[in-house]
Amino acid sequence: MLLVLTVGSAATQSPPIARQTFLDQYCVSCHNPKSKIAGLVLDNSGSEHPDSHPDVWEKVIRKLNAGEMPPAGMPRPDAVSLKAFSEALIHDLDAAAHKAPFAGRPVIRRLNRLEYAHAIRDLLAVDLPVADELPPDGVAAGFDNIGDALSMSPLLLEQYLKVARRVSEVAVGVSDPSPVTEMFPAPEAQSSWLGLGMPFGTRGGIRVRYYFPHDGEYSLRAFLGRDQLPHTEGVRFFQTRVEVTAGSHVVIATFPDEFAEREGPVPNVAGQGGAPLGGPLDTRGSAIHPTIEFRVDQRRVKLFEIAGISVGEAAFAGQPGPPTLDRLEISGPYNAKLLSETPSRRKIFVCRPTGPRDEAACASRVISSVTRRAFRRDVTAADVQPFMASYTASRQQNGFDDSISAALRDVLLAPDFLFRLEFDPPGAMAEVAQPVSDQELASRLSFFLWNSIPDDELLDVVRAGKLREPVVMNRELKRMLADPRASALADNFAGQWLGLRAMAEVKPDPQLYPEFDSGLAAHFEQETRLFLRSVIRENRSVLDVIGADYSYLNERLARIYGIPGVIGPGFRRVTMEARPERGGLLGQGSILLLTSHTTKTSPVLRGKWVLDSLLNSPPPPPPPGVPSLDESAAAGQKLTTRQQVERHSKNAVCASCHVRMDPLGFSLENFDVTGKWRTRDAGGEIDATARLPNGTVFSGPAGLKHILLSRPDEFVNATVTRLLTYALGRELEARDQPTIRKIMRDTEANRYRFEDLIAAIVNSVPFQMRQVQTKPKDQS
């Protein structure tokens with residue numbers, strides 16, 4: 001077996017330096033047995049053997065290299081001495097890691113709800129919103145895939161049972177055909193602009209994903225908001241255009257004059273029927289009843305009613321302007337037909353019995369095929385036997401398809417599906433890193449890149465015993481990154497890394513920022529998502545996350561940013577060479593909005609975000625009793641946000657943290673809450689200059705970008721740390737730092753290209769191996 005690992009050689013060593021003398025001169029005055037500042041004691045510290053206490057010395061290295069220590073006002077070493085001291089420690093730590101690699105040991109962990117939903121989609125070719133039916137996952141180290149935070153509760157187990165039953169019935173096609181009505185509320189604040197994923201030429205509305213479970217007829221009803229009709233007008237009459245799409249099938253109606261239908265080929269997409277609805281609806285209470293017949297994934301669907309709001313439901317104290325949608329209702333199926341072939345049935349039924357004698361053998365083939373993909377490994381007869389027992393018990397009373405559904409339900413409840421199980425090899429030595437199995441490595445790879453299970457091609461490579469061959473591993477990496485499922489890496493990893501999931505909770509004061517609505521928030525998030533996808537897919541330098549000279553804009557965002565020449569609702573790549581404050585994350589509305597209060601900007605939140613998200617060096621939480629920001633005037637004059645923060649940080653209790661955060665946030669003060677550029681605040685000129693604790697002075701967003709890019713090791717180290725945490729599903733510790741530095745050295749020549757970072761992580765010791773823990777002593 002060929003094993004590819006990147007243990008590598010240790011870093012080169014700088015000229016020798018008297019380490020304890022260095023510490024006594026610059027550090028011990030604060031970090032001694034009496035003061036113990038930050039709980040750290042560095043006299044007689046054993047710095048000649050840093051690998052004996054890596055947690056202490058990795059922290060020292062980080063603080064020194066960031067320029068945070070020694071603090072301002074204290075004697076500081078010259079650059080040459082500081083570098084020599086830091087690199088001497090790094091050399092010894094990396095040499096020790098080279099001699100005895102540390103891999104860590106992820107705990108047994110269940111799939112989080114997004115991984116579970118993606119696994120269902122790829123296993124059974126049915127895309128249902130099952131993640132929404134499960135409780136939120138625990139979060140640790142900033143991510144929701146960390147094993148220690150993914151517990152199993154009775155409530156979660158009950159939900160798994162409900163979801164497994166419904167998913168198996170829908171996938172096989174034996175779900176209850178009784179009509180049901182599902183309601184989809186529209187966003188509270190609908191935009192006057194085109195919504196994401198909506199038909200061009202529409203505004204507001206709602207876009208939903210809906211799975212049509214049976215051939216048959218379905219009712220689609222849309223209702224206006226109850227506050228649309230003012231009492232002075234009674235019921236208003238609008239010449240209103242409605243557009244309903246499903247796949248590429250489009251139905252257009254203009255009330256009251258015409259009804260037109262435009263049809264195109266319907267794509268074969270994972271058994272789902274989309275029913276987006278854009279634009280306002282007729283308010284007169286008269287419903288139209290067209291019959292729209294089309295196919296979704298070979299399933300014949302007939303929408304026979306599209307209705308506007310009825311007069312009886314109309315309220316009479318409305319808001320001015322065009323009407324907006326309140327909700328969408330889909331009911332059905334009516335006149336449900338017999339089963340038809342769907343992508344899920346084609347994926348499940350690898351055979352069909354020709355008669356009763358063939359049923360058991362065919363059932364075994366079907367169940368074995370699904371179980372292999374669900375368990376992410378080759379399965380034995382013993383693995384399949386419990387599910388065959390479920391099939392046999394059900395077949396006593398039900399048909400073949402219903403019995404297959406019962407077996408698949410139990411597969412979806414099996415520990416081998418719900419949990420990512422890894423086992424120590426026989427005879428493994430305690431505290432020694434051992435390779436994970438090829439099957440376990442394939443699962444690590446697919447859940448890292450896709451948030452989902454390995455596909456058949458990857459499992460076939462594992463079966464052939466070739467996954468660890470360098471050429472094959474590189475080929476699989478490129479194939480998987482080129483797959484559309486790899487968008488999960490940008491969306492899920494980056495969304496948690498940067499905090500984008502909190503966008504739904506951000507609501508600036510509508511009186512101060514009337515242009516903001518949920519549509520603008522969605523556009524901000526889409527800009528960041530498209531930008532990060534481009535960095536990953538184009539294998540760009542991770543430094544472009546900060547320093548790129550482009551972004552993705554539509555007309556609405558371009559107006560917010562003051563960038564001319566962008567027309568229309570579609571997003572497109574826009575170069576910003578002439579706008580150095582834009583380009584990269586720091587000029588994007590999503591980040592600026594997330595780091596603001598509802599009524600004003602926050603240099604503190606913005607500085608904290610830079611420290612936490614970009615430098616992985618978050619400040620400690622504020623101590624108890626710290627007063628809130630005083631917004632009162634001084635000498636009868638209203639203060640700018642910066643002046644308020646400066647007054648607050650004069651408090652000695654607050655100063656130690658604010659001296660790190662505030663300068664970073666001050667440089668972004670020209671951006672208002674929604675990312676617009678401004679030059680004045682509270683009637684005064686904005687001062688965007690800043691001074692770091694080490695004395696470095698800079699100004700504005702361009703200056704902050706320059707500071708961050710001039711010390712790339714800090715940002716790259718932070719990014720690799722987050723990416724490795726996400727890839728391993730565990731919190732990192734000090735003994736992981738040599739691996740991080742090795743990844744950085746291996747990718748430095750090409751400026752830390754994203755695909756190169758991913759490949760280096762996949763080939764690293766912690767990704768390909770696991771630590772065997774010390775066996776507990778016999779207590780007998």
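A contact here means heavy atoms within 4.5 Å. With that in hand, meet the structure: it is a predicted model, where local features need pLDDT of at least 70, side-chain atom pairs count only at pLDDT 80 or more, and totals for chains, interfaces and linings use all residues. Residues are numbered from 1 along each chain as its sequence is written, and side-chain values use heavy atoms, with hydrogens and water left out.

**Confidence**

- pLDDT is the predictor's confidence in each residue, from 0 to 100; the chain averages 83, and 82% of the residues score at least 70.
- Residues 229-240 stay under 50, and the model gives them 42 contacts beyond four places in sequence.
- Another stretch, residues 305-319, is also below 50 and has 54 contacts beyond near neighbours in sequence.

**Nonpolar cores**

- A nonpolar core is a set of buried Ala, Val, Leu, Ile, Met, Phe, Trp, Tyr and Cys residues joined through side-chain atoms within 4.5 Å. Buried means under 20% relative accessible area, exposed means over 50%, and partly exposed is in between (1.4 Å probe, protein chains only).
- The largest core has 77 residues, and Phe448, Leu449, Leu489 and Ile758 have the most contacts inside it.
- Its largest share, eight residues, comes from helix H23 (residues 712-728). Helices (H or I, at least four residues) and strands (E, at least two) are DSSP runs, numbered from the N terminus.
- Leaving aside residues up to four places away in sequence, Phe448 touches Leu489, Leu723, Tyr726, Ala727, Ile758, Ile761, Val762 and Phe767.

**A covered strand**

- Strand E12 (residues 325-334) is mostly covered, with eight of its ten residues buried.
- Strand E2 (residues 180-185) runs antiparallel to E12, and six bridges join them; two strands pair if DSSP finds at least two bridges between them.
- Phe184 has Leu328 in E12 as its bridge partner.

**Salt bridges**

- A salt bridge is a side-chain nitrogen of Lys or Arg within 4 Å of a carboxyl oxygen of Asp or Glu; the structure holds 57 of them.
- Asp456 and Arg372 form one, with the closest N and O atoms 4.0 Å apart. Asp456 sits in helix H12 (residues 456-463) and Arg372 in helix H7 (residues 359-375), so the pair ties together parts 84 residues apart in sequence.
- In that pair, Asp456 is partly exposed at 37% relative accessibility, while Arg372 is buried at 13%.
- Arg680 and Glu685 meet at 2.8 Å, N to O; Arg680 is partly exposed at 44% and Glu685 is exposed at 56%.

**Cysteines**

- A disulfide is a pair of cysteine sulfur atoms within 2.5 Å, and a search of the whole structure finds one.
- That bond joins Cys351 to Cys362, S to S 2.1 Å, and is right-handed, with 115° about the S-S bond.
- Cys351 lies in the loop between helix H6 (343-348) and H7, and Cys362 in helix H7, so the pair ties together parts eleven residues apart in sequence.
- Both Cys351 and Cys362 are buried.
- The sulfur of Cys30 is 8.7 Å from the closest cysteine sulfur, in Cys27, which is too far for a bond.
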